[in-house]
Amino acid sequence: KVPQMEEEIFRNMKQKIFILCVFAILAVNSFSIVYHIKQDGTGNFITIQEGINTSADTDTVLVYPGTYYENLDMTGKNITLTSLEMTTSDPQYIDSTIIDGQRLESCILIHDTENVVIRGFTIQNGYATYIYNTGNYGGGFQIQCVDNCLIMNSKLFDNVASKGGAIFSCITDLTLSGVDITRNS
């Protein structure tokens with residue numbers, strides 16, 4: 001009879017642990033925020049960088065159509081940066097939601113973080129950002145020391161760098177899905 005009681009106690013503990021894990025997952029996900037970026041001022045912010053700066057782990061920065069002349073820094077941010085393509089599955093949002101680096105620096109810097117998703121953009125006119133004592137790397141993206149980075153359903157073109165015209169990635173687990181990379185040098 002004692003082994004049956006131990007088995008029942010063990011089964012009850014497993015159920016309780018499972019329920020606690022489910023509640024923990026729900027609690028983490030319930031605190032995620034979606035920041036809306038609209039150039040007309042009707043969203044949370046007008047610039048993408050403002051949304052990135054305000055975001056915290058697991059948040060989403062949802063960018064509405066337009067050309068955003070910005071060089072984004074996502075250092076230390078475990079977030080999703082996406083266009084309306086993610087919420088609608090409409091590929092037209094890839095062409096109408098543009099991050100233009102203006103040939104000043106990399107369009108998007110992603111350094112020292114764990115989980116980043118970039119989805120549904122045209123990334124253009126980036127010019128590599130200088131890495132101390134090594135050169136200008138990553139015209140479209142410069143990604144370093146990222147545990148898990150996913151770039152999907154995006155187009156990268158007319159970006160320039162001495163290494164990695166479209167993407168420079170170092171010490172990173174990078175996944176590309178549905179990414180069109182053309183006319184980079």
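What follows takes up the salt bridges, then a charged surface patch, and then the cysteines of this predicted model.

The count of salt bridges comes to three. In one of them Glu 85 pairs with Arg 119, the closest N and O atoms lying 2.7 Å apart; because Glu 85 belongs to helix α3 (residues 85-88) and Arg 119 to strand β7 (residues 108-119), the pair ties together parts that are 34 residues apart in sequence. Both Glu 85 and Arg 119 are buried.

Another salt bridge joins Asp 95 to Lys 155, again with the closest N and O atoms 2.7 Å apart, and this pair links helix α4 (residues 92-96), where Asp 95 lies, with strand β11, which holds Lys 155, across 60 residues. Asp 95 is partly exposed at 44% relative accessibility, and Lys 155 is partly exposed at 26%.

The side chains of Asp 158 and Arg 183 also meet in a salt bridge, at 3.1 Å from N to O, which connects the loop between β11 and β12 with the segment after β12, 25 residues apart. Here Asp 158 counts as partly exposed at 22% relative accessibility, whereas Arg 183 is exposed at 59%.

Asp 57, Glu 114, Asp 147 and Asp 173 form a negative surface patch, and of these residues Asp 147 lies in strand β11 (residues 141-157).

As for the cysteines, the count of disulfides is zero: for Cys 145, the nearest cysteine sulfur is that of Cys 170, 6.4 Å away. Cys 145 is partly exposed, with a relative accessible area of 32%, while Cys 149 is buried at 0% relative accessibility.

Definitions and conventions
Residues are numbered from 1 along each chain as its sequence is written. This is a predicted model: local features need pLDDT of at least 70, side-chain atom pairs count only at pLDDT 80 or more; totals for chains, interfaces and linings use all residues. Side-chain values use heavy atoms; hydrogens and water are left out. Patches are made of residues with over 30% relative accessible area and no salt bridge: like charges are joined within 9 Å, nonpolar side chains (Val, Leu, Ile, Met, Phe, Trp, Tyr) within 5 Å. Accessible areas come from the Shrake-Rupley method with a 1.4 Å probe; for residues, only the protein chains shown count as cover. A salt bridge is a side-chain nitrogen of Lys or Arg within 4 Å of a carboxyl oxygen of Asp or Glu. Lys and Arg count as positive and Asp and Glu as negative; His and the chain ends are not counted. The place of a charge is taken as NZ of Lys, CZ of Arg, CG of Asp or CD of Glu. Helices (H or I, at least four residues) and strands (E, at least two) are DSSP runs, numbered from the N terminus. A disulfide is a pair of cysteine sulfur atoms within 2.5 Å. Buried means under 20% relative accessible area, exposed over 50%, partly exposed in between (1.4 Å probe, protein chains only).
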